[in-house]
Amino acid sequence: MADRDKGPRKVTSFDVARVAGVSRAAVSRAFTPDASVSPKTREKVYQAAKELGYRVNYLARSLTNKRSDLVGLVAAGLDNPFRTLQIEHLARVLLARNFRPILLPTSPEADTSTVIGQLLHYAVSGVIVTSDAPPTEICEQCAAEGVPIVLINKGNDIPFVDRIISDDRMAGHLAASHLIDCGVRKPAVMAAPAISYTARRRSEAFVARCKQLGVEPEFLHLKINDYRSGYDAAAGLAASGIDGLFCANDYLACGVIDRVMQGRGRDDAPPLSIIGHDDIPQASWTAYDLTTIRQPCDVQAEKTVDLLMSRMAEPDLTARVEFTPVTLIRRRTA
């Protein structure tokens, strides 16, 4: 009676080994990435595990190995659709490589020690820090603890910390060239360069390219690169004479479009040419049909995890920087 009250006995790796007809060590190898085990043995183990309902306890394994299969994803600005897309691609690639992503949202107001403590408490195998995810202390502390780190679209140069960077300079050049080719005579760039490395690089490249083409652009400074900032800042565009606008990201551009299109028909074109950046899903919606610069999340994710895994294998490698390409996507707004 007492045994029934305890519920069903938990299936162990020894049970799997018995049903599969292999050793306990073979079961362990079958569930360990890159471990040496024959395809036939692995299949027998997986089939037995499925029949018995066995699940590997990765956290318990981490206590034994002094490391887990967890990879920390540190991200800020999750209201931006691009960040959601970026995290989704990273998570998919990590899962495909037999890692388990753990998302740690942060912000400028976040307690740095709490985030660092969470990363180290779970004995993460590595950390990926996305653009605008502050602060730098997270990267420095984890690097000091020997935790492999890859930064995406961040300018911080930290020893033994690798970076993946979108080609923001090309993005600024493409946006400026396209607007002026469209006949724009008074271009402007809208961004919050103080808080964003990528916004700063894109804006600087846009201004430089406009000047190369003999046009003096305006710089519309914002505090945040978000929808509301774009919506609010667009109020004065009609009176400014600006006829072409490059926004630091699509989220910002969507706010601009919604403001300038108030009172107009859905099929009307905006009264000025607008280009965004990122190519978020909303950019292709009929309400926006936004010309933009595509930043390939899938390519970034693959390269990021490649760097992370190589850093795990060789912790003392010199810090590396890899760039990912951008593409102009032409739609109705420019």
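Colleague: How many residues does helix H9 have, and what does it reach from its first C-alpha to its last?

Modeller: This is a predicted model, where local features need pLDDT of at least 70, side-chain atom pairs count only at pLDDT 80 or more, and totals for chains, interfaces and linings use all residues. Residues are numbered from 1 along each chain as its sequence is written, and side-chain values use heavy atoms, leaving out hydrogens and water. Helices (H or I, at least four residues) and strands (E, at least two) are DSSP runs, numbered from the N terminus. H9 covers residues 168-181, has 14 residues and reaches 20 Å. That is close to the 20 Å expected at 1.5 Å a residue, taking 1.5 Å times one less than the number of residues.

Colleague: Which residues of H9 are buried?

Modeller: An α-helix has 3.6 residues a turn, so residues three or four places apart point the same way. Buried means under 20% relative accessible area, with exposed over 50% and partly exposed in between (1.4 Å probe, protein chains only). In H9 the buried residues include Asp168, Ala171, Gly172, Ala175 and Leu179. Just after H9, Gly183 has a positive phi of about 100°.

Colleague: In what order do the strands of the open sheet of 6 strands run?

Modeller: Strands of a sheet pair through backbone hydrogen bonds, either parallel or antiparallel. Two strands pair if DSSP finds at least two bridges between them. Here the order is E2-E1-E3-E4-E5-E11, with parallel pairing. Strands E2 (100-105) and E11 (321-324) are the edges, each pairing on one side only.

Colleague: How many bridges join E5 and E11?

Modeller: E5 and E11 pair in the parallel sense over 4 bridges. Arg163 has Val321 in E11 as its bridge partner.
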